[in-house]
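Please examine the sequence and the structure shown here.

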Amino acid sequence: MIHATLGRAYAALRQREEAVREARLVQELLPVTKDPEAGRELLKQTTNIYAQLGMVDEVVEAIETLVSIPNPQPPLAILADVGRYPAIRDHPLFQALVDRYADGVEN
């Protein structure tokens, strides 16, 4: 979806307001409740937008949603993807998620 790509571009350019607007638009247009498979992929892209911007609360919320729906990708793989952003990787909320899923606890 073009809005996800545009959101990532805005995030890379540090245009926070525009990036967040596009990320939210993606979720409004195709939420996981409407199309679980495509919605899941778009939610992953949205999570990366938030991670690029250092928006930890939004990242944690999105990851919780991602791991709560049927997903061929294990939780740790999802966490590793967004964990490449330093502002997220070192945050206590994110570390708590990593610890939780590393221990095999998924609820």
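Is Glu41 buried, partly exposed or exposed? The model is a predicted one, and in it Glu41 has a relative accessible area of 36%, so this residue is partly exposed.

Glu41 takes part in two pairings. With Lys44 it forms a salt bridge whose closest N and O atoms are 3.2 Å apart; Lys44 and Glu41 both belong to helix H3 and are separated by 3 residues, about one turn of the helix. Glu41 also forms a salt bridge with Arg40, where the closest N and O atoms lie 3.8 Å apart. Lys44 counts as buried because its relative accessibility is 14%, under the 20% cut-off, and Arg40, at 9%, is likewise buried.

A further salt bridge, at 3.0 Å from N to O, joins the side chains of Glu64 and Arg100. This pair connects distant parts of the chain, since Glu64 lies in helix H4 and Arg100 in helix H7 (residues 92–102), 36 residues apart. Glu64 is partly exposed at 26% relative accessibility, as is Arg100 at 25%. The whole structure contains 5 salt bridges.

The largest pocket holds about 230 Å³ of space. Helices H2 (16–29), H3 (36–52) and H4 (56–68) each give two or more residues to its lining, with H4 providing the largest share, 4 residues. The lining comprises 4 nonpolar, 3 polar and 3 charged residues, among them Arg24, Tyr50 and Glu61.

Ile2 belongs to helix H1 (residues 2–12) and is exposed, with 62% relative accessibility.

Note on methods: Residues numbered from 1 in each chain as written. Predicted model: local features only at pLDDT ≥ 70, side-chain atom pairs only at ≥ 80, totals over all residues. Heavy atoms only, no water. Buried < 20%, exposed > 50% of the residue type's maximum accessible area, 1.4 Å probe, protein only. 1 Å grid on protein atoms, 1.4 Å probe; cavity = no way out; pocket = protein on both sides within 12 Å on 5 of 7 lines; lining within 4 Å. Points joined across faces, edges and corners; volume = space filled by probe spheres on them. Nonpolar A, V, L, I, M, F, W, Y, C, P; charged D, E, K, R; others polar. Salt bridge = Lys/Arg side-chain N within 4 Å of Asp/Glu carboxyl O.
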